[in-house]
Amino acid sequence: MTPLHLTYLAAEKKSAEVTDWAARVGWLVGLALFIALVYWLMREGWKWRGTLQGDLPELPSAPDVPGEARLTMSGRYHGSTTAGQWLDRIVAHGLGTRSRVELTLTDAGLDVVRPGATDFFVPAAQLREARLDKGIAGKVLTEGGLLVVTWAHGERLIDSGFRSDRAAEHTEWVETLNHMINKTEGAR
């Protein structure tokens with residue numbers, strides 16, 4: 001190689017660019033603050049929704065002697081909404097909290113036991129309808145993958161969504177609940 005080529009090669013060699021760590025750290029801190037702000041706003045919105053639903057009465061608790069169990073089911077509670085409005089989640093009194101669930105249907109009503117969340121009881125006279133559906137606020141499944149129970153609480157009709165660990169149980173629940181509701185309405 002000639003001296004001219006060596007000079008040319010030496011002129012083309014550069015050192016690698018140095019990472020600007022201050023700028024990168026600044027962007028990461030900014031992104032973390034933005035994400036924290038979004039989560040805080042979501043939490044405040046959840047609390048505000050609970051405040052707006054403050055007129056909802058306290059949830060009833062199960063009677064001391066509920067009677068013999070007609071049906072039992074283990075699964076998931078996916079939440080409650082205003083009846084007929086599957087996206088209008090109800091969060092007051094813990095009804096918006098998803099959790100595991102143990103359902104027990106007796107002649108007295110529907111006992112909803114939720115570990116880690118507020119349990120509640122729906123008296124038989126308050127049950128209005130049971131059906132299979134595909135979704136409730138924040139949870140969409142295949143057609144018929146969700147057991148939705150409509151019940152009256154105070155001045156509101158509420159849809160509560162449940163999914164059994166064994167989805168084949170849903171049909172039996174719908175038939176039994178609707179038969180029980182029709183029998184209760186006939187007695188009124």
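Me: Which phi does Gly-154 take in the hairpin of S9 and S10?

Reply: Gly-154 has a positive phi near 65°, and the hairpin of S9 and S10 has two residues between its strands. This is a predicted model, where local features need pLDDT of at least 70 and side-chain atom pairs count only at pLDDT 80 or more, while totals for chains, interfaces and linings use all residues. Residues are numbered from 1 along each chain as its sequence is written, and side-chain values use heavy atoms, leaving out hydrogens and water.

Me: What makes S9 and S10 a pair of strands?

Reply: Strands (DSSP runs of E, at least two residues; helices are runs of H or I, at least four; both numbered from the N terminus) pair if DSSP finds at least two bridges between them. S9 and S10 (residues 156-164) have seven, in the antiparallel sense, and Leu-147 sits opposite Phe-162 in S10. S6 (residues 127-133) is also antiparallel to S9, with six bridges, and there Glu-129 faces Thr-150 of S9.

Me: Why is S9 described as largely enclosed by the rest of the structure?

Reply: Eight of the eight residues of S9 (residues 146-153) are buried, so the rest of the structure largely encloses this strand. Buried means under 20% relative accessible area, exposed over 50%, and partly exposed in between (1.4 Å probe, protein chains only). In a regular strand, side chains alternate between the two faces of the sheet. Here Leu-146, Val-148, Thr-150 and Ala-152 point one way, while Leu-147, Val-149, Trp-151 and His-153 point the other, and all are buried.

Me: How do you know that Ser-80 is buried or exposed?

Reply: Its relative accessible area is 0%, so Ser-80 is buried. Ser-80 belongs to strand S1 (residues 69-82).

Me: What makes the link between Ser-80 and Ser-160 a polar contact?

Reply: A polar contact needs N or O atoms within 3.5 Å; within protein, one must be able to donate a hydrogen and the other to accept it, and residues adjacent in sequence count only if both atoms are side-chain atoms. The side chains of Ser-80 and Ser-160 are joined at 2.6 Å, and another polar contact of 2.6 Å joins the side chains of Ser-80 and Tyr-77.

Me: Why is the pair of Asp-107 and Arg-70 called a salt bridge?

Reply: The term asks for a side-chain nitrogen of Lys or Arg within 4 Å of a carboxyl oxygen of Asp or Glu. For Asp-107 and Arg-70 the closest N and O atoms are 3.0 Å apart, and the pair forms a salt bridge. This pair links distant parts of the chain, 37 residues apart: Asp-107 lies in the loop between S3 (99-106) and S4 (109-113), and Arg-70 in S1. Asp-107 has 55% relative accessible area and is therefore exposed, whereas Arg-70, at 33%, counts as partly exposed.

Me: How do you know that Lys-47 and Glu-44 are about one helical turn apart?

Reply: Lys-47 and Glu-44 are three residues apart in helix H2, which means a separation of about one helical turn. Their salt bridge has its closest N and O atoms 3.2 Å apart.

Me: Why is Phe-34 called exposed?

Reply: Phe-34 has 51% relative accessibility, so it counts as exposed. Phe-34 is found in H2 (residues 21-52).
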